[in-house]
Amino acid sequence: MKLAVIGTGYVGLVSGVCFTLNGNHVICVDKDEQKIEKLNRMESPIYEPGIEALIEMNLREGRLSFSSDLQESVRRSDIVILAVGTPSLPGGEADLRYIEGAAAEIAQAMEGYKIIMTKSTVPVGTNERIRQLISSLTNHPFDIVSAPEFLREGSAIRDTLHPDRIVIGLDNQALEPTMRELHKGFTENVFVTDIRSAEMIKYASNAFLATKISFINEIANICEKVGADVTEVAGGMGMDQRIGATFLQAGIGYGGSCFPKDTNALIQIAGNVDYEFKLLKSVVEVNKGQRFMIISKLHESLGSLRGAVIGIWGLAFKPNTDDVREAPAREIVEALVAEGAIVKLYDPIAAENFRKEYDHPQLRWCGLAEEAAEGSDAVCLLTDWSQFKEINLHQLAGTMRRQVLIDGRNVYTKEQIEGTGLEYISVGRPQ
Ligand code: UGA
């Protein structure tokens with residue numbers, strides 16, 4: 001099949017590249033000409049392990065191309081996939097400006113039947129709005145499909161090629177075989193439903209995962225007070241298949257471009273129909289507070305932070321990405337600066353992005369984790385990059401001014417800490 005994918009962010013670029021792997025021809029479209037030039041040079045605008053090799057292979061083999069000409073790309077395609085951003089408006093609602101702009105342009109380009117498939121995360125009812133908008137601009141026939149995306153940054157290619165499930169929302173049942181064919185080879189678990197339910201599945205899934213995280217973080221906070229170990233608790237809970245073992249890692253809370261945005265949007269979606277989503281509001285509240293637990297722990301160990309030197313390990317919202325959007329590190333670093341600390345920052349790849357968003361004379365940028373720890377009163381681990389597990393903690397302790405290690409992601413075991421001389425403080429585990 002011939003596809004045009006509108007938007008070359010995480011969702012658009014990764015899906016576009018992956019759809020070439022099961023035999024489709026894909027044009028990835030973006031308004032940003034610089035992005036398109038970069039992609040044509042086989043450079044990815046996003047950091048995602050494995051993506052550049054796939055871009056190169058598929059460009060060479062002629063199954064993939066990049067264009068900033070939306071209308072021409074639409075004309076050459078059978079299926080048009082909407083994968084543009086839906087950022088948050090100040091009140092939390094999803095901003096549909098890019099979706100509507102792209103839909104209008106698609107309508108203007110149409111010269112015959114098209115399937116228009118939405119992969120962007122959009123509030124319930126948006127696909128129907130898209131249908132009305134396109135119908136008002138063209139007489140050509142088309143169908144609308146909602147196909148929400150569940151990929152994670154850092155494992156986006158694997159998640160797309162081997163997803164737990166594919167959700168397809170449609171109202172023209174005749175499209176089901178085409179949709180199955182489009183996703184051929186990815187998974188047998190194709191869940192076909194109506195359009196509104198498909199839109200809701202995306203929000204409900206992200207909200208549920210965010211709930212699991214806030215839930216285990218609150219359990220961790222209680223564990224600290226009653227002397228239990230949250231990693232043991234999560235291990236024992238997770239063996240119950242009804243609960244599941246994943247997304248029960250306690251820490252400083254979730255960040256990223258999806259959970260914060262989608263939880264707020266779902267609260268708004270509910271609010272718009274006069275329903276107060278109390279549980280989800282608490283999930284968001286708990287998450288906002290959890291990151292500041294790092295600051296409280298620093299106070300407990302060091303007292304005042306004025307003039308203290310604090311090393312920070314990890315600025316990305318999670319490992320294997322350079323994405324710092326809504327990263328808990330941001331507010332933690334800002335709070336440290338406000339309290340008068342000197343902050344030494346290290347991240348394997350996200351430091352540049354972080355610095356573009358926030359810099360301050362009290363910040364020191366470090367090229368190595370060890371450098372950020374040297375001369376520090378405390379080191380705070382904020383992102384669970386695997387390289388932090390390999391650091392020689394014995395040596396490290398000797399280079400610090402005071403030997404405090406705050407592990408915001410429960411990366412280390414007791415055995416790794418024993419004998420290092422470090423005062424080790426983690427989340428929800430006995431010290
Ligand atoms: C998330 C979902 O996992 C994807 O299924 C979804 O497609 C995506 O949002 C989206 O809507 O586009 P992502 O934001 O890439 O994916 O990252 P996750 O791996 O889910 O992690 C999100 C945050 O939760 C990170 O800050 C991570 O550190 C935190 N987390 C995750 C925890 O604190 N504890 C856990 O047990 C798991």
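Which residues are closest to the ligand, and how many residues surround it? The ligand is surrounded by 21 residues, and the closest are Glu153, Gln249, Tyr254, Gly256 and Cys258. A residue is near a molecule here if its C-beta atom, placed from the backbone, lies within 6 Å of it. The structure is a predicted model, in which local features need pLDDT of at least 70 and side-chain atom pairs count only at pLDDT 80 or more, while totals for chains, interfaces and linings use all residues. Residues are numbered from 1 along each chain as its sequence is written.

The protein chain is divided into domain 1 (2-188), domain 2 (202-289) and domain 3 (291-425), with bounds that come from an automatic or database domain assignment. The C-alpha centres of domain 1 and domain 2 lie 29 Å apart. To the contact between them, domain 1 gives 12 residues and domain 2 gives 10 residues; two residues are in contact if their C-beta atoms, placed from the backbone, lie within 7 Å. The side of domain 1 that touches domain 2 has 6 nonpolar, 4 polar and 2 charged residues. In this classification Ala, Val, Leu, Ile, Met, Phe, Trp, Tyr, Cys and Pro count as nonpolar, Asp, Glu, Lys and Arg as charged, and the others, Gly among them, as polar.

The shell around the ligand draws at least three residues from each of domain 1 and domain 2. By class, this shell has 10 nonpolar, 6 polar and 5 charged residues. Helix H9 (195-226) and helix H11 (259-272) each supply at least two residues of the shell, and the largest share, 3 residues, comes from H9. Helices (H or I, at least four residues) and strands (E, at least two) are DSSP runs, numbered from the N terminus.

A residue is buried if 20 or more other C-beta atoms lie within 10 Å of its own, exposed if 12 or fewer, and partly exposed in between, with C-beta atoms placed from the backbone. S1 runs parallel to strand S2 (residues 25-29), joined by 5 bridges, and Ala4 stands opposite Ile27 in S2. Two strands pair if DSSP finds at least two bridges between them. S1 is also joined by 4 bridges to the parallel strand S4 (residues 79-82), where Ile79 stands opposite Leu3. Together, S1, helix H1 (residues 10-20) and S2 make a right-handed β-α-β unit: with the strands pointing away from the viewer, the path from the first strand over the helix to the second runs clockwise.

Strand S9 (309-313) is largely enclosed by the rest of the structure, because 5 of its 5 residues are buried. Val309, Gly311 and Trp313 lie on one side and Ile310 and Ile312 on the other. S9 is joined by 5 bridges to the parallel strand S10 (residues 342-346), and by 4 bridges to the parallel strand S12 (residues 378-381). Ile312 has Leu345 as its bridge partner in S10 and Cys380 in S12.

Two loop residues deserve a look. Most residues other than glycine have a negative phi. Phe247, in the loop between helix H10 (230-238) and H11, has a positive phi near 60°. Asn320, in the loop between S9 and helix H14 (328-338), has a positive phi near 65°. Asn320 counts as buried because it has 20 C-beta neighbours inside 10 Å, whereas Phe247, with 16 other C-beta atoms within 10 Å, is partly exposed.
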